[in-house]
Amino acid sequence: MVVEPRVKDFICTTAHPVGCAANVKNQIEYVKSKGKAEGPKKVLVIGASTGYGLASRISVAYGYGADTLGVMFEKESNGRRTASAGFYNTRAFEEQAHKDGLYAKSINGDAFSVEIKEQVINTIKEDLGKVDMIVYSLAAPRRTMPDGTRYTSVLKTVGEEYTNKTLVLKDNTITEAHMSSATEEEINATIKVMGGEDWIDWMKALNDAGVLADKVITVAYSYIGPKITFPIYAEGSIGQAKKDLYKSCDIINERWSQIKAKVAINKALVTQSSAAIPIVPLYITLLYKVMKDKGLHEGCIEQMQRLFMDKILDDSQVDENGFVRMDDWEMRDDVQSVVAERWDTVSNDNVKEIADIDGYWEDFYNMFGFKIDGVDYSADVDIM
Ligand code: NAI
């Protein structure tokens, strides 16, 4: 079948298997081109199929030469619809890793569940013995508890409602987005889904099962960003969940002396999760333009290659809160001052000049395996 992108709001409902494989290959080539470093050799990546998790997996596999076990929640093809991008990415990664002599296995299922934790533990016991690094890179809309209770996360403000400019992705126009404020119940549900409780559960389950190496590092990801995005991100419902993640990091460090837990604050980038947040896509297009003009732009793979090769193993590379700052270039004064100025002046008349709309869409399509150089999109492909 010839696969074409079908974009609906902020998501593409199709994915191109050959394009996804090319995307993974490009990321692998990038990491290889940067050289190797001594580091963990058996890595579990939770949320390994897209965005920052996939880039983490590729960085540790090709940067440290690590065996990787990935966990993700992705859809297979039913023969009529394509599989999700994360499914094709994972398959392509595994195939390439095997060719390159690296162990790579993936478990497709709900990372919040006890069953998947058990499956992961059994796989580690059978194949790897122990793991020495755990990357926690879940971005999930909901979480089902063992008793069946379901929590759904929301992207809302806390306290005051908020109105600001936003980019309408379907026609690239600027309009106003209104964000309502979350109820107490919604905030708590968002914390349940995107906070750190499940990260602690994972570390406890792995530790109790005896599958952690004597010295083990675990890292989870967060975002802080500039003032413009505070009401929707850092101070919004998702920000409350991230505060819970920071507390969970401390709890892991206090509870298990052999585990070193860290939080990395990453750069704002187009991923399936960030595209869903109102206002953020406009900020990203303005940011991309400034960072590209200054030669500072990075995508997920550049961010994660730099994290794992240069920062995560060096305990001195943290800020006053103990965070590893991968948003160091994004938050530079000379970047943020231009973004803030342009935020005030951006309108339908100038958006194409001062915002990197094309760059946004390029990343967006690439995420689903489209518009990648060298891929013949007119060719029939097997979507299974
Ligand atoms: P993403 O949507 O690209 O990746 C999410 C991953 O989680 C996928 O592998 C998906 O299969 C997996 N997943 C989702 N629900 C699951 C479940 N129930 N069980 C198993 N796997 C599941 O998201 P992205 O953007 O890479 O986010 C990863 C982390 O990075 C999140 O913590 C996010 O807050 C953080 N982050 C993202 C930034 C951005 O701009 N995209 C910036 C800074 C931090």
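How much space lies in the second largest pocket? About 610 Å³. The model is predicted: local features need pLDDT of at least 70, side-chain atom pairs count only at pLDDT 80 or more, and totals for chains, interfaces and linings use all residues. Residues are numbered from 1 along each chain as its sequence is written, and side-chain values use heavy atoms, without hydrogens and water.

**The pocket**

A pocket is an open set of points on a 1 Å grid over the protein atoms alone, where a 1.4 Å probe fits, with protein on both sides within 12 Å along at least five of seven lines. Its volume is the space filled by probe spheres set on the points, which are joined across faces, edges and corners.

The second largest pocket is lined by 25 residues, and closest to its centre are Asn23, Gln27, Cys300, Asp363 and Asn366. Lining residues have an atom within 4 Å of a point. Two or more of them come from each of α1 (17-33), α2 (51-63), α9 (300-311) and α12 (357-367). Helices (H or I, at least four residues) and strands (E, at least two) are DSSP runs, numbered from the N terminus.

By class, this lining holds nine nonpolar, ten polar and six charged residues. Ala, Val, Leu, Ile, Met, Phe, Trp, Tyr, Cys and Pro count as nonpolar; Asp, Glu, Lys and Arg as charged; the others, Gly among them, as polar.

**The ligand**

The ligand is surrounded by 31 residues, each with a heavy atom within 4 Å of it. Ser49, Tyr52, Ala111, Thr271 and Ser273 are the closest. The shell has 15 nonpolar, twelve polar and four charged residues. α2 and β11 (212-222) each supply at least two of its residues.

Polar contacts are pairs of N or O atoms within 3.5 Å.

| Residue | Residue atom | Ligand atom | Distance |
|---|---|---|---|
| Gly47 | backbone N or O | oxygen | 3.4 Å |
| Asp110 | polar side-chain | nitrogen | 3.0 Å |
| Leu138 | polar backbone | oxygen | 3.3 Å |

Taken alone, the ligand exposes 830 Å², and the protein buries 93% of that. Areas come from the Shrake-Rupley method with a 1.4 Å probe.

**The whole protein**

The protein has twelve helices and 13 strands. Its C-alpha trace spans about 60 × 50 × 45 Å along the principal axes.

Definitions and conventions: A polar contact is a pair of N or O atoms within 3.5 Å; within protein, one must be able to donate a hydrogen and the other to accept it, and residues adjacent in sequence count only if both atoms are side-chain atoms.
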